[in-house]
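User: I would like to go through the terms used for this model one by one. Please set each value against its definition.

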Amino acid sequence: MSGRRIVPLDGVGTGADGRAFLYVFPCAYEDFAKFGISTNPLARLHAFSSRYYEFFDLQRGWLVEAESVREARQWETRWKRQLRDHAAPAPLLVPARAAGHTEWLRGAQPALEAARAQFAAQGFVVHSPLAAWVRQRLAGRIDLLDMGEQAAIARFGPIDAWQQQPLGTPLAALRDALDAYAELEIALDGAISPALRAWHARCGMSARLMQSACTRR
């Protein structure tokens with residue numbers, strides 16, 4: 001036996017039923033790409049980084065839908081053989097908890113684009129660019145932001161007293177979630193309170209970019 005470890009797919013195990021996806025997540029600033037299968041690609045993205053929209057290039061990423069986990073695994077196995085010359089260790093920034101230290105590729109972008117074109121030509125549902133698929137999923141989860149806001153208020157008190165938080169803290173996770181909506185240009189009108197909107201303006205992505213630009217001057 002090869003000894004290859006089978007990693008459960010986002011809580012559904014390795015059964016044959018239920019829709020699954022073959023995914024390609026190219027890194028934003030390095031010639032690496034994560035290649036694999038998942039029943040929940042959005043959760044998979046988030047497992048690699050709470051700021052997945054910065055870590056990965058969602059414009060170059062893509063998904064193809066399979067009718068079952070078994071079908072997706074067959075695709076993965078076939079393409080892994082064809083791409084074995086591009087196999088690479090995971091980037092150092094990938095957290096161990098993501099169980100994502102296998103199926104990384106380097107220098108494989110032309111081959112991956114050919115794979116995407118082949119799936120499309122065969123009539124499979126291909127989501128490309130990945131950004132459009134992520135935008136649709138986030139828009140469908142926008143009501144969760146209010147739940148996150150209320151939970152944060154219950155734990156940390158009034159929003160006006162919140163400060164910018166370091167990575168790994170609950171408020172940083174809320175900030176990262178709001179930054180995802182900003183990055184993917186999803187309007188939050190009515191989804192969050194004016195107080196949370198003001199806090200995000202002070203502590204979110206645009207505020208940090210402005211602060212960084214001022215620091216460089």
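Analyst: Helices (H or I, at least four residues) and strands (E, at least two) are DSSP runs, numbered from the N terminus. This is a predicted model: local features need pLDDT of at least 70, side-chain atom pairs count only at pLDDT 80 or more, and totals for chains, interfaces and linings use all residues. Residues are numbered from 1 along each chain as its sequence is written, and side-chain values use heavy atoms, with hydrogens and water left out.

User: Which helices supply at least two residues each of the lining of the largest pocket?

Analyst: They are H1 (41-48), H2 (52-55), H5 (130-140), H6 (144-156) and H7 (170-183). H7 gives the most, with eight residues.

User: What makes a space a pocket rather than a cavity?

Analyst: On a 1 Å grid over the protein atoms alone, a cavity is a set of points where a 1.4 Å probe fits but cannot get out, whereas a pocket is an open set with protein on both sides within 12 Å along at least five of seven lines. Lining residues have an atom within 4 Å of a point. The largest pocket holds about 650 Å³ of space. Its lining has 30 residues, and those closest to its centre are His46, Leu138, Arg141, Leu144 and Ala177. The structure also holds one cavity of 30 Å³ or more; Phe32, Arg60 and Leu112 are among the residues that line the largest cavity.

User: How is a volume such as the 30 Å³ of the largest cavity defined?

Analyst: Grid points are joined across faces, edges and corners, and the volume is the space filled by probe spheres set on the points. For the largest cavity that space is about 30 Å³.

User: Why is a set of residues called a nonpolar core?

Analyst: The name applies because its members are buried Ala, Val, Leu, Ile, Met, Phe, Trp, Tyr and Cys residues joined through side-chain atoms within 4.5 Å. Buried means under 20% relative accessible area, with a 1.4 Å probe and protein chains only. The largest such core has 41 residues, and Leu45, Tyr52, Phe56, Leu58, Trp104, Val134 and Leu138 touch the most other members. Apart from it lies another core, of 19 residues, including Val24 and Trp75.

User: How do you know that H3 has close to its expected span?

Analyst: The expected span is 1.5 Å times one less than the number of residues. H3 (residues 69-82) has 14 residues and reaches 20 Å from its first C-alpha to its last, close to the 20 Å expected. Its buried residues include Ala72, Trp75 and Trp79.

Definitions and conventions
Buried < 20%, exposed > 50% of the residue type's maximum accessible area, 1.4 Å probe, protein only.
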